Amino acid sequence: MQFVSKTGQIDKLSTPCLILPVFSKGQQLDVTTRFDQAHNGQITTVLKQGDASGKVGNTLLLQMPAGNKTKRVLLVGLGEQGKTTESDFNNAVQASINAIKHLPIKTICSALLTVEVTDKDIDWKVRQLVLTSREALYQYTETLTTAAPDAHSLEKCQLLAPSGRATQAINEAANIASSIANGVDRAKELANLPGNICTPTYLADTAKTLGKQHTSLKVTVLDEAKMEKLGMGSLLSVSRGSREPAKLITIEHAGGPKSQKPIVIVGKGLTFDAGGISIKPSSGMDEMKYDMCGGASVFGVMQMCAELNLPINVIGVVPSSENLPDGDANKPGDIVTSMAGLTIEILNTDAEGRLILCDALTYSAKFKPDVVIDVATLTGACVVALGKHATGLMANNDELANELLGAGLKAGDKAWQLPLWDEYKPQLKSNFADLANIGGPAGGTITAACFLSRFTEDYKWAHLDIAGTAWKTGAEKGATGRPVHMLSQFILDRC
Ligand code: BES
Ligand code: MN
Ligand code: ZN
């Protein structure tokens, strides 16, 4: 759906559906009152009758009399006037889209930007209106043969500009938000695909297509022979147990000056994680198709950078492989040599994410990065520690950590920092190699990051564990597109 600003008088709008805010208490907004007056007090009536409560997210669809330029009005509740919070606003947007997405209409006009949200400016409102609407409209269709149950015909949302507001600023904010939403959708779409379709080769081909679609993007794919030459023994040991060859995908967006050091984002692209010989229990194992969500978010972020032509250098790196049991798979006790030269004792073949990431992190140094951020569905322990609301963040640089935490807060895609103290590091000691790939049950998220930290000593680095935030389980099963919002904000803040 396209979002464009709109000016005009509320009582003279020609639209199939007008979305109008109402409050449960206090004075109604000017737009609402003026519309009410132009239509014989109809809104006052339904509010008095109690048909519309004005409570946050409550909606009521009114059909206007024949001949009216405004065909329908959707009243959407925002709670008490003057007390609208961020989540109230988002809930109202979500409810309004859900209430009309089944209607056979192409265009809507939303007056929600006229609502004041505590501590938030118009840019924030536009961003949220676009992102929350797109979230409510997203529907996975790729492998469905019947029409999607939630198919909609919406094409355009006009954003009624609050009086005195520059429509150009609204359009700019909407444009940025739309590209973030496209990035989120891209990440969701890739992540929701099953493991038999979304293989490392599929991801590599998708990257090449993306590279052809955007002139600012340069895509390179390393095959196993090339990785072998680079000495990526750790990454390749994981893919040895699979018939799908591993790929190392690089997507470069050169938007900034040549002299500018790039932001490098490394995303775990494990297209299916059965655990290998340390096999996982079968219940819920299908969800391990989501073990490439970190990689998917890199695709989303790179697409966003390209679409907006951002004046900054960003490089996405996606190591991609499967992790399956096989006669040739890693065995517990095996020792492999990483590209960095460190030997690793594989005590659990299910701790494979760090095995592919460590080589991708070593490889990333060649870009002379300003910072490196890796994104990975790395540990079940992170889901235990932080649940599904916060991404786990660990870093070897506090400034970078704070920058990411701030971007997450701003974008409503939050992270929480865990310590990366030296005290945890002895847990990775091995009698037979430079380090072991697991550190025991205590502090599993942190010891996983400690493992990665051995390969990131030469640059500023942050690690995002998205095991709890990248997808939803149960009836709502599906990818969330996180942390595309946070990373997009991080990059936009640096532009
Ligand atoms: N991909 C998993 C982590 C994961 C588990 C993400 C559950 C989301 C939900 C990762 O490869 C893994 O298996 N990690 C192991 C590490 C352990 C063997 C040290 C885990 O968390 O159990
Ligand atoms: Mn695993
Ligand atoms: Zn995994």
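This is a predicted model: local features need pLDDT of at least 70, side-chain atom pairs count only at pLDDT 80 or more; totals for chains, interfaces and linings use all residues.
**Conventions.** I number residues from 1 along each chain as its sequence is written, and I letter chains from A and number ligands from 1 in the order in which they are written. Local features need pLDDT of at least 70, side-chain atom pairs count only at pLDDT 80 or more, totals for chains, interfaces and linings use all residues, and side-chain values use heavy atoms, with hydrogens and water left out.

**Entry 1: metal site.** Water is not among the atoms, so sites may look incomplete. The manganese ion (ligand 2) is coordinated by D273 (OD), D350 (O), D350 (OD) and E352 (OE), at 2.0 to 2.2 Å. I noted the spacing of these donor residues in sequence as D-x76-D-x1-E.

The angles came next. Six donor atoms subtend 69 to 167° at the manganese ion (ligand 2), which makes the arrangement irregular. For that label I used these limits: four donors are tetrahedral if all angles lie between 85 and 135 degrees; four are square planar and six octahedral if opposite donors are over 155 degrees apart and all others between 65 and 115; anything else is irregular. Ideal angles are 109.5 degrees for four tetrahedral donors, and 90 or 180 degrees for six octahedral ones.

D273 also bridges to the zinc ion (ligand 3), which lies 3.1 Å from the manganese ion (ligand 2). D273 sits in strand β10 (residues 269-273) and D350 in the loop between β13 (343-346) and α10 (353-364), so the pair ties together parts that are 77 residues apart in sequence. Helices (H or I, at least four residues) and strands (E, at least two) are DSSP runs, numbered from the N terminus. I then checked burial (buried is under 20% relative accessible area, exposed over 50%, partly exposed in between; 1.4 Å probe, protein chains only). D273 is buried at 3% relative accessibility, and D350 is partly exposed at 21%.

**Entry 2: sheet.** I traced an open sheet of six strands in the order β1-β6-β5-β2-β4-β3, with mixed pairing. Strands pair if DSSP finds at least two bridges between them. β1 (2-6) and β3 (59-63) stand at the edges with a single partner strand each, so one side of each has no neighbour in the sheet. β3 and β4 (residues 72-77) run antiparallel and are joined by five bridges, with Q63 opposite R72.

**Entry 3: hairpin.** β12 and β13 form a hairpin with five residues between them, and G341 in the turn has a positive phi of about 95°. Four bridges join these antiparallel strands, and T337 stands opposite T343. S338 is in the loop between β12 (334-337) and β13, and is buried at 3% relative accessibility. Counting heavy atoms within 4.5 Å as contact, I found that S338 touches residues including C358, D359 and F455.

**Entry 4: aromatic pairs.** A search of the whole structure gave five. Rings of Phe, Tyr and Trp (its six-membered ring) pair if their centres lie within 6.5 Å; planes under 30 degrees apart are stacked, over 60 edge-to-face and the rest tilted. Y290 and W471 have ring centres 5.1 Å apart and planes at 20°, so they are stacked. Y290 and W471 are both buried. F451 and F455 are tilted, because their planes are at 40°, with centres 5.4 Å apart.

Notes
Donors are N, O and S atoms within 2.8 Å of the metal (3.2 Å for Na, K and Ca); water is not among the atoms, so sites may look incomplete. Lists of a residue's contacts leave out its neighbours within four places in sequence.
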